[in-house]
Amino acid sequence: MQNESRQIRIYIKSKDEDSKDVPITLIASYFQNLQNILYQICEDINEDDCRHAGRYPGFIVENCELVLKKMTINSSDAIVGLSQTQTALPFPDIGKTLGERAILKTNDVFEIVRQRDNIYPDLSPVISDEGRRYHILSEVDEIWPDENSKYDVKIGIGKIEDNNLRELNPKRKPKIKQALEREITQSERTISGRLVELNVTKKHSCQIETPDGKIFCKYKPEIEEVVRSNTGNFVSISGMMADANTILLESELAIRGIKTISIQQIKIDDKFVNLKSDIVLNVNYDKIESKYIVDSKVFNIFAINGVFNLAVEDIQEQMGMLWKGYVQEDVSNLTKPAIEFRKVLKKIIGE
């Protein structure tokens, strides 16, 4: 039997009783997030420089690669463990391999995120490098469900018995987001979008295509590699505003990869209406078709357009149509599921 300190268990269960299956893409995404966390922690233990792109060294992969050990269907219950191909000798002082130490530290990370109020500073004793700490927390954020998630997620690290499974409570999600946000001054701004152009001349500039159009960015030469590695990807950036349409990036922590954006308005009868709660949208880009794909799993809507802000506006208009069709409609004309959906809309949009 494999050593309990070498395994991670992740349990995913659908909240929808009529649709219990868990998409393979979701499971694969969580596996990749866990693998990235483990590689980053291994490099931190090994005191390597923080990695922003490229392949991990063979030594790290050899010691920290995860492989599937067990998996069930419907509610996904999967156990992954360290590859049996490890050749590194145990550390004499503590009797554990690099991979085993990384798994124990992964447990420390999740426990801090699960329980502490000051997440980012409290991670300092576990992850020494600040940039790496930020990247690891970003990977945890990708796994952690929010209150609109269709799935309950639990994780067990080290010991994999049922009583060691810990719920990833959606109510903790805002704390994680807060930990990832830099403190913004009155002259700063945070924007989200796709990094679409890169200029590596002396000006060191790039562009972000956002739901509000293109924003120009200027960055310091020392973070060029981080900017370059994110070209073509969706990112969130924070920095000082040089003018109304130009933002200055001063640190690698000012830019991070994202898979979702939030909207604060919808469009009803050609008028934008503010929301009580943000709506989270998944964002992707089809490089073959050169089109943006924006969707909401919660509301089962999507939009495709070659221009990012037009795709987002399409979603806003679809949300307005849902509002008119479910909230403004006489409730006596709605089925029981439609009435429940109406309650969801009213909670987010308001009266």
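Which residue in β11 is the bridge partner of Ile-237? The partner is Ile-255. Helices (H or I, at least four residues) and strands (E, at least two) are DSSP runs, numbered from the N terminus. This is a predicted model: local features need pLDDT of at least 70, side-chain atom pairs count only at pLDDT 80 or more, and totals for chains, interfaces and linings use all residues. Residues are numbered from 1 along each chain as its sequence is written, and side-chain values use heavy atoms, with hydrogens and water left out.

Start with the strands around that pair. Two strands pair if DSSP finds at least two bridges between them. Strand β9 (residues 234-243) pairs with strand β11 (residues 255-257) in the antiparallel sense, over three bridges. β9 also pairs with strand β10 (residues 246-249), again antiparallel and over three bridges. Here Met-240 has Leu-248 in β10 as its bridge partner. A hairpin of two residues joins β9 to β10. Strands of a sheet pair through backbone hydrogen bonds, either parallel or antiparallel.

Now turn to an open sheet. Five strands form it in the order β2-β3-β1-β4-β5, with antiparallel pairing. Its edge strands are β2 (66-71) and β5 (166-167), each pairing on one side only. Five bridges join β2 to strand β3 (residues 76-82), and the two run antiparallel. Across this pairing, Lys-70 stands opposite Ile-79 in β3.

Next comes helix α1 (residues 24-45). The helix has 22 residues and reaches 32 Å from its first C-alpha to its last. That is close to the 32 Å expected at 1.5 Å a residue, where the expected span is 1.5 Å times one less than the number of residues. Buried means under 20% relative accessible area, exposed over 50%, and partly exposed in between (1.4 Å probe, protein chains only). Of the 22 residues of α1, 16 are buried, so the helix is largely enclosed by the rest of the structure. Ile-24 is found in α1, yet this residue is exposed, with a relative accessible area of 61%. Ile-24, Leu-68 and Met-71 make a nonpolar surface patch of about 300 Å². Patches are made of residues with over 30% relative accessible area and no salt bridge; like charges are joined within 9 Å, nonpolar side chains (Val, Leu, Ile, Met, Phe, Trp, Tyr) within 5 Å. Accessible areas come from the Shrake-Rupley method with a 1.4 Å probe; for residues, only the protein chains shown count as cover. After α1 comes Glu-47, whose phi is positive, near 60°.

What about the interior? A nonpolar core is a set of buried Ala, Val, Leu, Ile, Met, Phe, Trp, Tyr and Cys residues joined through side-chain atoms within 4.5 Å. The largest has 47 residues, of which Ile-12, Val-109, Phe-110 and Leu-137 touch the most other members. α1 gives the most to this core, with ten residues. Apart from it lies another core, of 27 residues, among them Ile-263, Ile-266, Ile-268 and Phe-341.

Charged pairs come next. The structure holds twelve salt bridges, each a side-chain nitrogen of Lys or Arg within 4 Å of a carboxyl oxygen of Asp or Glu. Glu-111 and Arg-114 form one of them (3.1 Å, N to O). Both lie in helix α3 (residues 98-115), three residues apart, about one turn of the helix. Arg-114 is partly exposed, at 25% relative accessible area. Asp-117 and Lys-175 also meet in a salt bridge (3.8 Å, N to O). This pair links distant parts of the chain, 58 residues apart: Asp-117 in the loop between α3 and α4 (119-122), Lys-175 in helix α6 (residues 173-180). Asp-117 is exposed, at 53%, while Lys-175 is partly exposed, at 28%. Glu-340 and Lys-343 meet in a salt bridge too (3.4 Å, N to O). They are three residues apart in helix α9 (residues 336-349), so about one helical turn separates them. Asp-141, Lys-173 and Lys-177 are linked in a network of salt bridges.

Finish with two loops. Ser-290 is found between β13 (271-286) and β14 (291-296). Its phi is near 55°, a positive value in a residue other than glycine. Ser-290 is partly exposed, at 38%. Asn-300 is found in the loop between β14 and β15 (301-305). Its phi is positive, about 55°, although Asn-300 is not a glycine. Asn-300 is exposed, with a relative accessible area of 71%.
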